[in-house]
Amino acid sequence: MSPRHEGVRGATITGTGMYVPDRVLTNADFESMVETSDEWIRERTGILERRISAPDQASSDLALIAAKRALEMARLTEADIDHLIVATTTPDRVLPSCACTVQAKLGAKRAAAYDVFAACTGFIYGLGIARGVIGTGDADTVLLIGVEQLSRIVDYTDRNTCVLFGDGAGAVVLRPCAPEEGVLSVSIHSDGVLGDLLEVPAGGSLLPASHQTVEDRGHFIKMRGKELFKVAVRGMEESLRRALDLAGMEPQDLDLVIPHQANQRIIEAMRERLGVPRERLVVNIERFGNTSSASIPISLDEEVRAGRVKPGTRIGFVAFGGGATWGATVSRWTLAVPRGAPAAVAVGAAPEVAR
Ligand code: UT7
């Protein structure tokens, strides 16, 4: 995507929220399910435990809680939302979209609601869309949610994948800001040739659900982990460098780097290549595992609520996922333009005006 143009208004995150289900599945729990060990999982992935949804919780239920928390922080209500975007690979149903389901539960009647399907990079894709629709003036308030219930599509007899994934939701509210603040750059990429590195083979138009697809375990995630590992490190490094270039920054200029939490070793390899100091890297994979499109907004919310994000903090988000898709954004944390003010005003210390 091109760098910011003069006169186009910016978009900034003004509220964050997250939710993870209560149930914890530890590495020790897997030792009785498949041939694995706490030591292997810990050393090869960095994961110690992950959260698993209750049987009666759907993705939209997780999303709803995260969304309400983000709206509360932004001091906005469901009636303010112009666009409601859900990044997910695990919607409640194939049809309608998860976003429409969240819209109904939230009562966000005015919103245009739609899903973004870019696997673990979905939140970054959504941020690009949110920045675009706010920048052009098509929307003033965007609610962007990353939510996954990967436990629903993980094969708990496949040790290559079942230990990796968890459930959770993260949400952000975006509002207009001055052009040089907020989301400064977005760099997104994909390569469909790599599609079979990470796939759920059945349940779509190619292999509709049948007794055979169920028998073949075709509705579960299949992953070629080693190959994915290599392209993930390279893709994450390249896209973050590109986003930094577009923002006129170097890796050392970032105060925080929030990567998608797929594997501690992927994150560390990327960090080394970029030369980012370890203390600026946000890692919580040990508690949540890989929550796909939810991992970045969950991490962001934890950082915001811990007081580690302040006005002026420069943050890089970076992800790689199935598709293959990958991408990065660079943002400068700021405050939104007050309601009714011209779009391109300097922001300074202007607070978001409460309703
Ligand atoms: O979020 C989307 C993007 N996802 C990713 O980017 C994931 C990328 N890939 C990875 O994170 C890693 O490749 C994995 C964690 C999936 C696997 O780690 P690895 O170091 O690449 O292991 P491997 O696949 O090369 O497997 C090494 C060995 C194999 O045994 P043999 O063939 O050497 O006898 C596997 O069968 O480890 C075995 N193995 C396990 N052993 C114990 C695989 N999974 C397990 C397990 N417990 N859970």
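1. Among the elements around the ligand, α8 makes the greatest contribution to the shell, with 4 residues. Residues α2 (38-45), α6 (159-162), α8 (225-247) and α9 (264-274) each provide at least two members of that shell, where helices (H or I, at least four residues) and strands (E, at least two) are DSSP runs numbered from the N terminus. This is a predicted model, in which local features need pLDDT of at least 70 and side-chain atom pairs count only at pLDDT 80 or more, while totals for chains, interfaces and linings use all residues. Residues are numbered from 1 along each chain as its sequence is written, and side-chain values use heavy atoms, with hydrogens and water left out.

2. The shell around the ligand holds 23 residues, of which T36, R44, K226, N263 and N290 come nearest; a residue is near a molecule if one of its heavy atoms lies within 4 Å of it. By class the shell has 11 nonpolar, 7 polar and 5 charged residues, with Ala, Val, Leu, Ile, Met, Phe, Trp, Tyr, Cys and Pro counted as nonpolar, Asp, Glu, Lys and Arg as charged, and the others, Gly among them, as polar.

3. Taken alone the ligand exposes 950 Å², and the protein buries 76% of that, the accessible areas coming from the Shrake-Rupley method with a 1.4 Å probe.

4. The UniProt annotation "active site", from an unreviewed entry, covers C120, H260 and N290. Although these residues are spread over 171 residues of sequence, they cluster in space, the largest C-alpha distance being 8.9 Å. C120 is placed in the loop between β5 (112-116) and α5 (122-135). UniProt annotations may be inferred rather than shown by experiment; their positions are given in the numbering used here, and feature names are shortened.

5. About 40 Å³ of space lies in the largest cavity, the volume being the space filled by probe spheres set on the points, which are joined across faces, edges and corners. T12, I13, G182, V183, F317, S331, R332 and W333 line the largest cavity, lining residues being those with an atom within 4 Å of a point. At least two lining residues come from each of β1 (10-19), β8 (182-190) and β13 (325-332), and by class the lining has 4 nonpolar, 3 polar and 1 charged residues.

6. Most residues other than glycine have a negative phi, and most peptide bonds are trans. The peptide bond from L95 to P96 is cis, with omega near 0 degrees, and P96 sits in the loop between β4 (83-87) and α4 (98-106). Another cis peptide bond joins G323 and A324, with omega about -10 degrees, and A324 lies in the loop between β12 (314-321) and β13. R75, a residue other than glycine, has a positive phi near 55 degrees, and R75 lies in the loop between α3 (59-74) and β4.

How values were computed:
On a 1 Å grid over the protein atoms alone, a cavity is a set of points where a 1.4 Å probe fits but cannot get out, and a pocket is an open set with protein on both sides within 12 Å along at least five of seven lines; lining residues have an atom within 4 Å of a point.
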